[in-house]
Amino acid sequence: MSIRERLYPGEQELPVLAPHCSDARYVWNLALEQRNLRRRERSQKITYNTQAHGLSEARKESWLKEGSAAVQQQALRDLNQAFQNWWKRPDHFGRPTWRKAGINEGFAV
C-alpha cells in the first residue's frame, strides 16, 4: 500500500526538498539515457539490478553521495516500473520520457 501526498513547501522547507527533486530527476534521466543507448546499440539488456549497482558505484565517487540514497533508488524503481507498464500495455502507457525541471518535479520515499 502506498500513500501519495502533494506537498506545498514553504520558504523554509523548499531548500531541503528541492535537492531531492533534482536528484530524482537526474537519476531518472541518466538511467533512461543508459537504456536508450543500450537499445540503439542492441547490446546486453539493462535491468534495474545493473542500474542499481551502477548507482551505488556512482554514489561512492560523485556528488550523488550527498543526496538521499532512498530517493535515488526509488527513481530507478519508478523508471523500471514505467518501462514494465509500457511493455505490457503499449496502447495505454507511453514510452518513458525525460523529466524536466519545474514540470516533472517529485520524489518518492
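In the predicted model, helix 1 passes helix 3 in a right-handed crossing. The axes of helix 1, residues 14–41, and helix 3, residues 69–88, come within 8 Å of each other and cross at roughly 45°. Angles of 35 to 65 degrees fall between the roughly parallel and the roughly perpendicular classes, and helix 1 and helix 3 are therefore oblique to each other. On the side of helix 1, the contact is formed by His20, Asp23, Ala24, Val27, Trp28, Ala31, Leu32 and Arg35. Helix 3 contributes Val71, Gln72, Ala75, Leu76, Asp78, Leu79, Asn80, Ala82, Phe83 and Trp87. By class, the residues of this contact comprise 12 nonpolar, three polar and three charged.

Helix 3 also packs against helix 2, residues 48–61, with the two axes 10 Å apart and at an angle of about 155°. Angles over 145 degrees count as roughly antiparallel, and helix 2 and helix 3 are therefore assigned to that class. The crossing of helix 2 with helix 3 is right-handed. In this contact, Tyr48, Gln51, Ala52, Leu55 and Arg59 of helix 2 meet Ala69, Gln72, Gln73, Leu76, Arg77 and Asn80 of helix 3. The contact of helix 2 with helix 3 consists of five nonpolar, four polar and two charged residues.

The chain as a whole contains three helices and zero strands, arranged along the sequence in the pattern α-α-α. Its C-alpha atoms fill a box of roughly 45 × 35 × 25 Å along the principal axes. Of the 109 residues, 26% count as buried. Among contacts between residues at least 6 apart in sequence, 64% join residues at least 24 apart.

Helix 1 has 28 residues, which at 1.5 Å a residue should span 40 Å; the C-alpha atoms at its ends are 40 Å apart, in agreement with that value. Its buried residues are Cys21, Asp23, Ala24, Arg25, Val27, Trp28, Asn29, Ala31, Leu32, Arg35 and Asn36. These buried residues pack against helix 2 and helix 3. Several of them belong to the contact with helix 3, including Asp23, Ala24, Val27 and Trp28. Helix 1 is followed by Arg42, which has a positive phi near 55°.

For helix 3, the 20 residues should span 28 Å at 1.5 Å a residue, and the end C-alpha atoms are 29 Å apart, which agrees. The buried residues of helix 3 are Val71, Gln72, Gln74, Ala75, Leu76, Leu79, Asn80 and Phe83. Their cover includes helix 1 and helix 2. Gln72, Leu76 and Asn80 are among the residues of helix 3 that take part in the contact with helix 1, and Gln72, Leu76 and Asn80 are also among those that meet helix 2.

Gln73 lies in helix 3 and has a relative accessible area of 33%. Buried residues have under 20% and exposed residues over 50%; Gln73 is therefore partly exposed. Leaving aside residues up to four places away in sequence, Gln73 touches Tyr48 and Leu55, both of which are listed for helix 2 in its contact with helix 3. Gln73 and Arg95 are 22 residues apart in sequence, and their C-alpha atoms are 20 Å apart in space.

Key. Residues are numbered from 1 along each chain as its sequence is written. This is a predicted model: local features need pLDDT of at least 70, side-chain atom pairs count only at pLDDT 80 or more; totals for chains, interfaces and linings use all residues. Side-chain values use heavy atoms; hydrogens and water are left out. Axes are lines fitted to C-alpha atoms, for helices over the stretch in contact, and angles run from 0 to 180 degrees between N-to-C directions. Helices (H or I, at least four residues) and strands (E, at least two) are DSSP runs, numbered from the N terminus. Angles under 35 degrees count as roughly parallel, over 145 as roughly antiparallel, 65 to 115 as roughly perpendicular and the rest as oblique. A crossing is left-handed if the near helix is turned anticlockwise from the far one by less than a right angle, and right-handed if clockwise. Contact means heavy atoms within 4.5 Å. Ala, Val, Leu, Ile, Met, Phe, Trp, Tyr, Cys and Pro count as nonpolar, Asp, Glu, Lys and Arg as charged, and the others, Gly among them, as polar. The expected span of a helix is 1.5 Å times one less than its number of residues. Buried means under 20% relative accessible area, exposed over 50%, partly exposed in between (1.4 Å probe, protein chains only).
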